[in-house]
Every structure is written in structure tokens, then in C-alpha cells.
Amino acid sequence: MIEDLQDNEVKYFAHHVKQNYGYDFENYAISSLKRRLVRILSLYHLQSIEKLLEQIQKNKLDIHEVVRQITVNTTEFFRDPTSWQFIRSEVLPHLIHKPNINIWHTACSTGEEVITMAILLSEANILDKATFYATDINENVLEQAKKAEYHIRNWDLLMENYNAYQPNYPIERYCVKHSDKFFFHKNLTKNVTYEKFDLVSDIHTEQYDIIFCRNVLIYFNQQLQNEVVSKLANCTKPKSYLVIGSKESIILCKAAERYNLLSPKEKIYQLK
Ligand SMILES: C[S@@+](CC[C@H](N)C(=O)[O-])C[C@H]1O[C@@H](n2cnc3c(N)ncnc32)[C@H](O)[C@@H]1O
């Protein structure tokens, strides 16, 4: 079993995949990309990157499935509950009077972050004027997100995070449990458009009141973080917001000078 890879093998993989399949992992952080590739080789009992590429070329392995394995899709409802408390108390009051609210979730995974935001807006009675654009590089997770149904194994974490965000308020107001799943009310996601979007290569010109780019920058190297944060700044209306993951930072990005950091702990920024 392969336990490690050389940097040049990882770079060779990224180069080959970019040339042949259009997915660009060349500026992903090499250490985490390497970990994912080692995992993939082990999963498919392959001895080298050459063998992996050969399997893809011969259609014995689906490139989209490999991409799914490379991208880390871990997510949670109300992930980092204090971030949502901050959004509720410091951000929503500035959005409440707008005639419409444009939101972009740039790496939405299976949709938990989108539903979380929809619940916040619903509780503030402004859900109806919100339009969500929810995107991800991975089409499989988008298909799951569209269904807004989740396995019951995620229930305890939902309860834990929601109670940390807001104790003594029943989350059952927003969803129903049935068999081994729970389903969110369709009303929450009726204004959501789910679409494939690659933060590395796709271009977008729409302007947003709030952009979520949580827990994805961490997989990019500094150069790519720079490019992506500049792209996002160009899509943010003046005085509007950027939310990144609480363990991420844009401090080394050129576009950081265009933002004020509102909350050092929650990593919520406002465009100047
Ligand atoms: C760890 S999840 C974060 C999900 C959610 N934002 C959260 O914070 O809970 C990272 C997501 O980024 C997506 N992703 C990775 N590379 C991407 C890219 N180049 N463009 C768009 N999404 C990407 C992955 O498919 C994955 O769903």
C-alpha cells in the first residue's frame, strides 16, 4: 500500500487532470492534495499515480468520482454556532431594510450552510426577499443539496449546534423526521439556485450582499487564495459581507486591504 507520494507525483497528477479533464488542482495546497491522493490510491488498491491516471483514461474510474474523493465535503448545520450569532446580531440588521438580498454560498457542499442561512433569514422575517446562489465544484453534493433531506445520523450534531446557537427553540419547526431521514420544509430553499461553479476557473460578475466562502480557502495555496479572494471582492457590493471559515484567514491576500475585519474570531469581513 502506498503511504506517501513525492511532490512531483502530485504535481504530475494535477497537471495531467487539468490538461485532459479541465479540473484545476495545480494551486491546491500540496499537503492536503497529497493526503487525498494517497487515500484514493489505497481505496482503489492502486500502486501509483500512473496507475490511477491509466484507470481514469480507460474509463475504469470516473474522473468525477475521483474529483469527489479529492474535494473534502465535510459540513454541518450551524457550523461554528457563534458565527451565526454574529451574523444574526451584526449583519442581518444591515440587510433587513434592503428591497432584496443577494447571497452566494461559494462552496456549499451538501447544502447545510444554505439551510442554516435560510433559517436565520426566516427567523428575521426576511427570507422571502432573499435570493441564494449556491455553488460547488462537485456535482454529486449539489444533487444531495437540492433534495434538502439528510440522514438521521446528522441529527445529533444539528441539535447540538442549533442549541448552541439558540437554546430552547425547537428545530422541528423547520423539518420533519421520517424513517431514517429528516426533510427541511421546501419553503426554506425555494429561492435557492444550485449550480456547479469552480472557484479556480469560473468567472462570475453578479453583485452580492453577503458571500460565504467557508472552509474551502484552506485547501488552496497562497496564490490561489489571493486570486479567489480578489474575485469575490469584485462580486461584493460596497459595505457588504464576506464570511470565511473560523480557522481561515485572508490576511496575506492582496484583496484583504479592501475589507474591514468585523470579527477576528468569526472571520466576518465587510467591504470598505
Ligand atoms: C469542507 S467543505 C465546506 C462546506 C461549507 N462551506 C462549510 O463550511 O461547512 C469544502 C467544499 O468546497 C468545495 N470545493 C473544493 N474546491 C472547490 C472549487 N475549486 N470550487 C468550488 N468549490 C470547491 C468542495 O467540493 C466542498 O464541498
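Me: Which residue has its backbone oxygen 3.1 Å from a polar atom of the side chain of glutamine 85?

Reply: This is a predicted model, and in it glutamine 85 has its place in helix H5, which covers residues 81-95. Leaving aside the neighbours within four places in sequence, glutamine 85 is in contact with Ala164 and Tyr165. A polar atom of the glutamine 85 side chain lies 3.1 Å from a backbone oxygen, and that oxygen belongs to tyrosine 165.

Me: Is glutamine 85 buried, partly exposed or exposed?

Reply: The relative accessible area of glutamine 85 is 27%. Buried would require a value under 20% and exposed a value over 50%, with partly exposed in between. Since 27% falls in that middle range, glutamine 85 is partly exposed.

Me: How far apart are the C-alpha atoms of glutamine 85 and tyrosine 169?

Reply: Along the chain, glutamine 85 and tyrosine 169 are 84 residues apart.

Me: Is serine 179 buried or exposed?

Reply: Serine 179 belongs to the loop between strand S4 (175-178) and strand S5 (181-184), and it has a positive phi near 55° although it is a residue other than glycine. Its relative accessibility is 65%, and the cut-off for exposed is over 50%. Serine 179 therefore counts as exposed.

Me: Which residues does asparagine 161 touch, not counting residues up to four places away in sequence?

Reply: Asparagine 161 is placed in helix H8, residues 155-165. With 7% relative accessibility, asparagine 161 counts as buried. Not counting residues up to four places away in sequence, asparagine 161 touches Glu76, Phe77, Phe78, Arg79 and Pro81.

Me: Which residue's side chain is joined to that of asparagine 138 by a polar contact of 3.4 Å?

Reply: Asparagine 138 lies in the loop between strand S2 (130-136) and helix H7 (139-147), where it counts as buried at 3% relative accessibility. A polar atom of its side chain lies 3.3 Å from the backbone nitrogen of valine 141. Not counting residues up to four places away in sequence, asparagine 138 touches Arg68, Thr71 and Asn73. The side chain that is joined to asparagine 138 by the polar contact of 3.4 Å is that of threonine 71.

Me: How is H2 oriented relative to H4?

Reply: Two packed helices are described by the angle between their axes and the distance between the axes. The axes of helix H2 (residues 30-43) and helix H4 (residues 63-70) come within 9 Å and cross at roughly 130°. That angle makes H2 oblique to H4.

Me: How many nonpolar, polar and charged residues make up the contact of H2 with H4?

Reply: The crossing of H2 and H4 is right-handed. From H2 the contact is made by Leu33, Arg36, Leu37, Arg39, Ile40 and Leu43, and from H4 by Val66, Gln69 and Ile70. Sorted by class, the contact of H2 with H4 has 6 nonpolar, 1 polar and 2 charged residues.

Me: How is H1 oriented relative to H2?

Reply: The axes of helix H1 (residues 7-21) and H2 come within 10 Å and cross at roughly 80°. Angles of 65 to 115 degrees count as roughly perpendicular. H1 is therefore, relative to H2, roughly perpendicular.

Me: Which residues of H2 meet H1?

Reply: By class, the contact of H1 with H2 has 5 nonpolar, no polar and 3 charged residues. On the side of H1, the residues are Asp7, Val10, Lys11 and Phe13. The residues they meet in H2 are Ile30, Leu33, Lys34 and Leu37.

Me: At roughly what angle do the axes of H5 and helix H6 cross?

Reply: Trp84, Ile87, Arg88 and Leu92 in H5 meet Glu113, Thr116, Met117, Leu120 and Leu121 in H6. The crossing of H5 and H6 is right-handed. The axes of H5 and helix H6 (residues 112-123) come within 11 Å, and they cross at roughly 45°.

Conventions. Residues numbered from 1 in each chain as written. Predicted model: local features only at pLDDT ≥ 70, side-chain atom pairs only at ≥ 80, totals over all residues. Heavy atoms only, no water. Axes fitted to C-alpha atoms, helices over the stretch in contact; angles between N-to-C directions. Helix = DSSP H or I, 4+ residues; strand = E, 2+ residues; numbered from the N terminus. Parallel < 35°, antiparallel > 145°, perpendicular 65-115°, else oblique. Left-handed = near helix turned anticlockwise from the far one by under 90°. Contact = heavy atoms within 4.5 Å. Nonpolar A, V, L, I, M, F, W, Y, C, P; charged D, E, K, R; others polar. Buried < 20%, exposed > 50% of the residue type's maximum accessible area, 1.4 Å probe, protein only. Polar contact = N/O pair within 3.5 Å; in protein donor to acceptor, adjacent residues only side chain to side chain.
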